[in-house]
Amino acid sequence: MKTRSSMNLYKEYVDEYYEKGMSVIPDKFAMKAPLIKGWNEFCDRLPTKAEVLEWKDTYHKTNIALCTGKASGIIAVDMDCIDPEIVEIINEMTIPSPVEKIGAKGWTRFYKYDAAIKTCTIKYNQKVVLEILSDNKKTTIPPSKHPSGASYRWTDKSLLDI
């Protein structure tokens, strides 16, 4: 993936993801919130070329997010914990993934979509530890800016590489 410096990451990357059949939408810059209303419909269908063009022209400061589920053919497992004991347990329980992103804490691993795998959240001490992002979910993807100011990054391969 090329290194770029724009603050309109959706406009810069959408075409590459769209060509690979992945449903991506614009997120608010340096946030993890979608810019468009009704975004979760794009978990079930790809945006049209007209919708993509409208978003590219309308929004000028964006992150980029992958809609998980049927439309992209991808689910994600998002681990939001830094407790070493819990991290070790989760790493032992999860299967390897060819693609992983790193954010402010934890990781997100990407897998082929399976309709039998449902979205769920696992909490420990009332804090989210792990989420399975399947139908009607999204995840902000690199090189988007995290609210902390750091950029999300791929550990090795990106979704565009597989």
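**View 1. The side chains of D78 and T108 meet in a polar contact of 2.7 Å.** A polar contact is a pair of N or O atoms within 3.5 Å; within protein, one must be able to donate a hydrogen and the other to accept it, and residues adjacent in sequence count only if both atoms are side-chain atoms. This is a predicted model, where local features need pLDDT of at least 70 and side-chain atom pairs count only at pLDDT 80 or more, while totals for chains, interfaces and linings use all residues. Residues are numbered from 1 along each chain as its sequence is written, and side-chain values use heavy atoms, with hydrogens and water left out.

**View 2. D78 sits in strand 3, residues 74–79.** Helices (H or I, at least four residues) and strands (E, at least two) are DSSP runs, numbered from the N terminus. D78 is buried (under 20% relative accessible area, with exposed over 50% and partly exposed in between; 1.4 Å probe, protein chains only). What is the nearest side chain of opposite charge to D78? K101, 5.6 Å away. Lys and Arg count as positive and Asp and Glu as negative; His and the chain ends are not counted. D78 has no salt bridge, a term that needs a side-chain nitrogen of Lys or Arg within 4 Å of a carboxyl oxygen of Asp or Glu. Not counting residues up to four places away in sequence, D78 touches W107, T108, V129, L130, E131 and L133. Contact means heavy atoms within 4.5 Å.

**View 3. Three strands form an open antiparallel sheet in the order 1-2-8.** Strand 1 (24–28) and strand 8 (137–141) each have a single partner strand, so one side of each lacks a neighbour in the sheet. The twist averages 40° from one strand to the next. Axes are lines fitted to C-alpha atoms, for helices over the stretch in contact, and angles run from 0 to 180 degrees between N-to-C directions. Strands 1 and 2 (residues 62–68) pair over five bridges; pairing requires that DSSP finds at least two bridges between two strands. P26 has I64 in strand 2 as its bridge partner. Helix 1 (residues 9–19) lies across strands 1, 2 and 8, at about 35° to strand 2.

**View 4. N63 lies in strand 2.** Is N63 buried or exposed? N63 counts as buried, because its relative accessibility is 0%. Its side chain reaches two backbone oxygens: that of M31 at 3.0 Å and that of K145 at 2.8 Å. Leaving aside neighbours within four places in sequence, the contacts of N63 include L9, Y10, I25, T140 and S144. The C-alpha atoms of N63 and Y13 are separated by 9.8 Å, with the two residues 50 apart along the chain.
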